[in-house]
Amino acid sequence: MNCRAKQLKAFDRLLTIMDELREQCPWDKKQTMETLRHLTIEETYELGDAILDNDLNEVKKELGDVLLHIVFYSKIGSETKHFDIADVCNSICEKLINRHPHIYGDLKVENENDVKRNWENLKLKEGKTSVLEGVPKSLPALVKANRIQEKVAGVGFDWEAPNQVWEKVEEELNEFKTEVNLGNQDNMENEFGDVLFAMVNYARFLNINPENALERTNKKFSKRFKYLEAKAKCLNKPLKDMTLAEMDQFWEEAKSL
């Protein structure tokens with residue numbers, strides 16, 4: 001691994017390149033924070049894919065892309081005289097120091113749960129009116145549900161044991177089934193949301209990240225379906241012309257791979 005001097009030299013190189021691109025490249029000169037936003041979201045998802053695939057070489061590349069965006073935003077901020085990369089770095093450094101009094105102060109903690117609870121309490125002392133203020137509105141619903149539950153658990157609003165959460169899951173499933181039988185679409189959607197929220201909560205108690213779990217299933221399903229498509233192509237037979245029994249045969253083969 002590189003020493004600190006080489007790390008700082010590499011970061012300085014990136015800052016210099018960013019300065020040059022912003023001054024000389026027609027595309028880079030046109031960019032604003034608004035035009036970069038959707039690209040940043042895309043790069044973040046690509047990083048997430050690489051992490052789930054455990055492709056560390058791709059993780060390295062995608063981290064570089066995300067870092068470029070951070071440097072890009074900071075460069076734009078410096079041009080408007082609002083902040084630069086030093087302000088960004090110092091801001092997060094100060095936050096980390098203030099939020100870790102058990103490291104940089106005299107607070108005693110016993111475990112990671114104590115750290116989480118103290119983190120949320122410190123945020124409220126800093127002027128936050130709700131522990132939920134830190135949950136971005138634009139997060140995907142599944143991720144948002146998990147973050148909401150983590151946030152409120154951090155201040156003690158939580159179940160005591162996994163079996164209690166599972167009982168809640170069963171309760172919500174029964175309520176959903178009742179609404180399905182009644183056929184009211186709006187009520188079915190509401191109850192289905194409650195089922196998902198309860199399942200996310202149960203996953204948290206089992207130390208399962210629901211987003212990662214669902215994405216792994218997405219990847220697994222896609223891989224098996226592509227196998228099914230490949231087999232159909234070998235037979236020169238469109239999927240729509242195959243029977244469900246024929247498709248099931250290839251599906252079972254895919255599961256054994």
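**Helix pairs and how they are labelled**

Analyst: In this predicted model, helix α8 (residues 141–153) packs against helix α11 (residues 210–234) at an angle of about 150 degrees, and their axes are 9 Å apart.

User: Why is α8 called roughly antiparallel to α11?
Analyst: The angle is about 150 degrees, and angles over 145 count as roughly antiparallel. α8 is therefore roughly antiparallel to α11.

User: Which residues make that contact between α8 and α11?
Analyst: From α8 come L142, V143 and N146, and they meet P210, E211 and L214 of α11. By class, the residues of this contact are four nonpolar, one polar and one charged.

User: What makes α9 and α10 roughly antiparallel?
Analyst: Helix α9 (residues 162–182) and helix α10 (residues 185–205) pack at about 165 degrees, with axes 9 Å apart. Since the cut-off is over 145, α9 is therefore roughly antiparallel to α10. The crossing of the two, α9 past α10, is left-handed.

User: What residues are in the contact of α9 with α10, and how do they divide by class?
Analyst: Among them are W166, L173 and F176 of α9, along with F192, Y202 and F205 of α10. The contact of α9 with α10 has 14 nonpolar, two polar and six charged residues.

User: Where does the annotated domain lie?
Analyst: According to the UniProt annotation, from an unreviewed entry, "domain: NTP pyrophosphohydrolase MazG-like" covers residues 31–103 and 166–226. Residues 31–103 are 85% helix and 0% strand, with end C-alpha atoms 40 Å apart. Residues 166–226 are 90% helix and 0% strand, and their end C-alpha atoms lie 35 Å apart.

**A salt bridge within a helix**

User: What makes R117 and D114 a salt bridge?
Analyst: Side chains of opposite charge can pair when their charged atoms come close. For R117 and D114 the N to O distance is 2.6 Å, and the cut-off is within 4 Å. The pair therefore counts as a salt bridge.

User: Where do R117 and D114 sit, and how many salt bridges does the structure hold?
Analyst: Both lie in helix α7 (residues 112–125), three residues apart, which is about one turn of the helix. The structure holds 13 salt bridges.

Key
Residues are numbered from 1 along each chain as its sequence is written. This is a predicted model: local features need pLDDT of at least 70, side-chain atom pairs count only at pLDDT 80 or more; totals for chains, interfaces and linings use all residues. Side-chain values use heavy atoms; hydrogens and water are left out. UniProt positions are given in the numbering used here, feature names are shortened, and annotations may be inferred rather than shown by experiment. Helices (H or I, at least four residues) and strands (E, at least two) are DSSP runs, numbered from the N terminus. A salt bridge is a side-chain nitrogen of Lys or Arg within 4 Å of a carboxyl oxygen of Asp or Glu. Axes are lines fitted to C-alpha atoms, for helices over the stretch in contact, and angles run from 0 to 180 degrees between N-to-C directions. Angles under 35 degrees count as roughly parallel, over 145 as roughly antiparallel, 65 to 115 as roughly perpendicular and the rest as oblique. Contact means heavy atoms within 4.5 Å. Ala, Val, Leu, Ile, Met, Phe, Trp, Tyr, Cys and Pro count as nonpolar, Asp, Glu, Lys and Arg as charged, and the others, Gly among them, as polar. A crossing is left-handed if the near helix is turned anticlockwise from the far one by less than a right angle, and right-handed if clockwise.
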